[in-house]
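Work through the exercises below with the model open. Try each task before reading its solution.

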Amino acid sequence: MSRYWSDVVHRLTPYVPGEQPVATHPVKLNANENPYPPSPRVVEAIRRELGEAGESLRRYPDPTALKLRETVAAHHGIRAEQIFVGNGSDEVLALTFQALLKHDKPLLFPDITYSFYPTYAQLFEVEYKTIPLDDSFAIHIGDYATPNGGVLLPNPNAPTGRPLPLAEIERLVARNTDSVVVIDEAYVDFGAESAIALLDRYPNLLVIQTVSKARSLAGMRVGFAFGHPALIDALNRVKDSFNSYPLDRLAQVAATASYEDDAWFRDHCAKVIASRERLAAGLTALGFEVVPSAANLLFARHEGYDAATLVLRLREREIFVRHFKAPRIDQHLRISVGTDAECEILLAALRDIFSAYIG
Ligand SMILES: *Cc1c(COP(=O)(O)O)cnc(C)c1O
């Protein structure tokens, strides 16, 4: 605290990202990062861009990331002017709050969801109302029928991993034509259906994606918004009033190369999905209740053991999972899907902890 702080800073509750541990060989299942390195083409593209002497770094990058947008447009069968690119989807979300979600009616989002949303709402002074998930953490589209200044949902939801079918998303978008519906698809490639298929029919739909999870590029910070050119124009207007070069040269070529290697992408998504199913079975066998997930994470609770205690016991073994001290979910663990070997280490540690447990 300081008297030099602005009022907004005094009032803020900043988002807390998953810990980046300093342990030598952590089993890091706390930030939904991909356990595999990216496509080798990504590394080649970065080396090529850098060259021997780093000559290209002298110059500013393309402020519109046109090559990347064209490549991603071709991948999704849409047009480059339907795509906005930002420094991670967190930044794309931040610009979306300012450009499209700040109106005189409240923004709606679920009570249990990505914890960055209320933080952005505070930062940008966007009025919001949370809509409760049901007891099985399902979203009911009918609950979003109230007048609003926008609707924001992740699909699959975070931190639960629970997906909504595309038909439900379409029902929401079709009924809510007076404001923008934003679908945050950070985890969509692990088993949900993308709303990009609806773009041509709904000018009020904005879909947000990232290369951080399914494309193993969390370290590069690249995210997208897909929508009607009028929505993209709003985002560009805010971007060009804030930071006109959000994506550096290396990030642009890395993300482009990732979209040029579809075989790598499909293969590794399938691997993570297979590991998720094995891990879910392993946790269930240990007595956990596991929420059905279409993401690279599992949200699970155990009747017999306190979640915060389990986090500490795992941490002692350099195994990191995520825990939220929030109402309704403080007995759950959010476990990112690692390699099969990492998942086995986690399951063995849990067996060990349970056998010696003193509550
Ligand atoms: C991880 C995540 C993001 C942020 O992704 P970045 O592109 O790395 O900023 C956004 N939304 C949800 C729901 C996420 O889980």
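Two strands pair if DSSP finds at least two bridges between them. Helices (H or I, at least four residues) and strands (E, at least two) are DSSP runs, numbered from the N terminus. This is a predicted model: local features need pLDDT of at least 70, side-chain atom pairs count only at pLDDT 80 or more, and totals for chains, interfaces and linings use all residues. Residues are numbered from 1 along each chain as its sequence is written, and side-chain values use heavy atoms, with hydrogens and water left out.

**Exercise 1. Strand pairing**

Task: Find the bridge partner of F109 in β4, then the bridge partner of L107 in β5.

Solution: 
- Start with β3 (residues 107-110) and β4 (residues 128-131), which pair in the parallel sense over four bridges.
- Within β4, F109 is bridged to T130.
- Now take β5 (residues 150-154). It runs parallel to β3, and two bridges join them.
- Within β5, L107 is bridged to G150.
- Together, β3, α5 and β4 make a right-handed β-α-β unit. Right-handed means that, with the strands pointing away from the viewer, the path from the first strand over the helix to the second runs clockwise.

**Exercise 2. The domain interface**

Task: Describe how domain 1 and domain 2 bury area between them, and name the salt bridge partner of D135.

Solution: 
- Domain 1 covers 23-36 + 263-358, and domain 2 covers 40-51 + 60-260. These bounds come from an automatic or database domain assignment.
- Count the contact (heavy atoms within 4.5 Å). Domain 1 gives 24 residues and domain 2 gives 25 residues.
- Take the buried area: the accessible area (1.4 Å probe) that two parts lose on being put together, summed over both. The value is about 2000 Å², with 64% of it on carbon and sulfur atoms.
- Look at the domain 1 side. F265, A294 and R328 lose the most area to domain 2, together 33% of what that side buries.
- Count salt bridges (a side-chain nitrogen of Lys or Arg within 4 Å of a carboxyl oxygen of Asp or Glu). There are two between the domains.
- D135 forms a salt bridge with R328; their closest N and O atoms are 3.8 Å apart.
- Identify the elements. α9 (262-285), β10 (297-302) and β12 (332-336) each supply at least two residues of the domain 1 side that touches domain 2. α9 gives the most, with six residues.

**Exercise 3. Backbone exceptions**

Task: Which peptide bond is cis at P156, and where does A65 lie?

Solution: 
- Recall the background. Most residues other than glycine have a negative phi, and most peptide bonds are trans.
- The bond from N155 to P156 is cis, with omega near -10°.
- A cis peptide bond also joins A158 and P159, where omega is about -5°.
- P156 lies in the loop between β5 and α6 (166-175). P159 is placed in the loop between β5 and α6.
- Turn to A65. Its phi is positive, about 45°, although A65 is not a glycine. A65 lies in the loop between α2 (40-50) and α3 (66-76).
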